[in-house]
Amino acid sequence: MSSQDYSEVILEKSRKDSGLAGDSFGTSVYDLFCVPLDLYNVFKDRVLKLSLAYQKWEASPDGSVILVAQDQLSDQEIAEKLGLTEDEVMRIRCMTEWDIPMEVWRNAAEFKRRSRLEKPLGTPRRTIRTEPG
Amino acid sequence: MGCTMIGVAVEEKIKQIALQRGADVAGIASVKDINKSAPRGHRPGDLLAGAKSVITIGARRYTAGTWMTSSTEVMHRSRSAMGTRDAIPLVLARYLEEKQGYPSIVYNAHMTDTGMNVSLSLKVLAEYAGLGSRSMAGGIILNKKFGLLGFSAVVTTMELTPDGLLSKPVCPHSSCIKMWNKKKTTPCMDACSAIEGTINGSRLQDVIYYRQLCATRALTTMNAAYLRLLSEIIKEEDPEKRKFLAIGQARQYAEDPPGRGIWGRCIECMRVCPVNRKAFKSFLKSREGAANE
């Protein structure tokens, strides 16, 4: 074994096998996985609205059961539309999909708790014939 | 296409295996059809070169009692009922490889990255396999007989005769049309503001779904919520407050992260859906009948 630190050997081998360009090595951990914040702030809302985060469907003009998707674009399609790379779009989308105030989660739990208590069978009318009691 | 095996077409044999193993429904879609709706990068052929067909199976996710429970915790933990859903595709894939000679892969719902995009849309696969149609409730696929189903699939290079789309949509239910005409809302829309849309006559005119609102409800105590909380804990400068953020009531978002995936933990739109309610009620045997067995 060489005199290099074991972790350095692993790092070198990983770089070789990754097939990535040399300038992609040695960056901060943030840069490994995220886009610069200014790029994120410019595009985060547009990426969300064009992605599956906002889904709009319209009736098919030919009367088929298929509803026609509006936008709901893949990362590749969003990249083409916004002039970004697919990788940039994926990074932005992955950052923004969960960049929602924590309060929304608290509200989610409360929403479900109240729905269950107020409508224990999913309806104010207790219409299920075989329900207990 | 449909090769015949001892008098039974392969397509029928595949469906028989799925149903015998516990699936409620099984259907076949052609990759050619699926590609009409799936974008590049999210097509069966992107996972398995030369893919020709996709077999989709569906199984009920909950017992009728789960639909009735007032405990969200019971519902959160009832995914075990979906075990059969996950096991059947492997049996089918083995059958297609070992008995028919066609490479096949199992596909369950999973996200392709740290975000929420999937490799393949199980909704699209189910729709083109004739297992249901999209509903007002966020585009959930509703099956007329079984209501909400959990889907999984097998992508195969074998060309099979597809079942194709349904001829009539399952949603909207007649009672929803009446409600829409009277109040301009439907039970699912009334239950959850992630859902918007309109009905024109007896058809859905448009459907709008705010997935990120639904996600915080359907994935309330999943990894994503934990990670969202983690960033808040790190940000808190007061050590005492930081401690209580970690061990106080917010811990509910940290202590139950069973994995990364699409595991529905909110079914409020489906609890009020007439199609789904009719489905789960129809499987409750009458007490009079049960007494005689």
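# Questions on a predicted two-chain model

Me: What is the mean pLDDT of chain A?
Reply: In chain A, 89% of the residues reach 70 or more in pLDDT, the predictor's confidence in each residue, from 0 to 100. This is a predicted model, in which local features need pLDDT of at least 70, side-chain atom pairs count only at pLDDT 80 or more, and totals for chains, interfaces and linings use all residues; side-chain values use heavy atoms, with hydrogens and water left out. Residues are numbered from 1 along each chain as its sequence is written, while chains are lettered from A and ligands numbered from 1 in the order in which they are written. The mean pLDDT of chain A is 87.

Me: In which helix of chain A is confidence highest, and over which residues is the pLDDT below 50?
Reply: Helix H6 (residues 102-118) has the lowest confidence in chain A, at a mean of 84, whereas the highest, 97, belongs to helix H3 (residues 37-50). A further stretch of chain A has 23 contacts in the model beyond near neighbours in sequence, a contact being heavy atoms within 4.5 Å.

Me: What pattern does the secondary structure of chain A follow along the sequence?
Reply: Chain A holds six helices and two strands. Helices (H or I, at least four residues) and strands (E, at least two) are DSSP runs, numbered from the N terminus. Read along the sequence, the pattern is α-α-α-β-β-α-α-α.

Me: What percentage of the residues in chain A is buried?
Reply: A residue is buried under 20% relative accessible area, exposed over 50%, and partly exposed in between (1.4 Å probe, protein chains only). Chain A has 133 residues. Of these, the buried share is 35%.

Me: Which helices do the buried residues of H5 in chain A pack against?
Reply: Helix H5 covers residues 86-96 of chain A. Its buried residues are A:Val89, A:Arg91, A:Ile92, A:Arg93, A:Cys94, A:Met95 and A:Thr96. These pack against H2, H3 and helix H4 (75-82).

Me: Which residues make the nonpolar surface patch of about 320 Å²?
Reply: Patches are made of residues with over 30% relative accessible area and no salt bridge, with like charges joined within 9 Å and nonpolar side chains (Val, Leu, Ile, Met, Phe, Trp, Tyr) within 5 Å. A:Val29 belongs to helix H2 (residues 29-33) of chain A and counts as exposed because its relative accessibility is 59%. The patch is made by A:Val29, A:Leu32 and A:Phe33.

Me: What area is buried between chain A and chain B?
Reply: Here 48 residues of chain A are in contact with 66 residues of chain B. On the side of chain A, the residues losing the most area are A:Val65, A:Trp98 and A:Arg116, together 17% of what that side buries. Buried area is the accessible area (1.4 Å probe) that two parts lose on being put together, summed over both. Carbon and sulfur atoms give 58% of the total, which is about 5,000 Å².

Me: Which residue of chain B meets A:Glu97 in a salt bridge?
Reply: A salt bridge is a side-chain nitrogen of Lys or Arg within 4 Å of a carboxyl oxygen of Asp or Glu, and two of them are counted between chain A and chain B. A:Glu97 takes part in a network of salt bridges that also includes A:Asp75 and A:Arg93. At 2.9 Å, N to O, the partner of A:Glu97 is B:Arg211.

Me: Are B:Glu268 and B:Arg271 buried or exposed?
Reply: These two side chains form a salt bridge at 3.0 Å, N to O. Both residues lie in helix H13 (residues 268-271) of chain B, three residues apart, about one turn of the helix. B:Glu268 has 4% relative accessibility and B:Arg271 has 1% relative accessible area, so each is buried.

Me: What is the phi value of A:Asp71?
Reply: A:Asp71 sits in the loop between strand S2 (67-70) and H4 of chain A. The residue is partly exposed, with a relative accessible area of 39%. Its phi is positive, in a residue other than glycine, and lies near 50°.

Conventions:
Accessible areas come from the Shrake-Rupley method with a 1.4 Å probe; for residues, only the protein chains shown count as cover.
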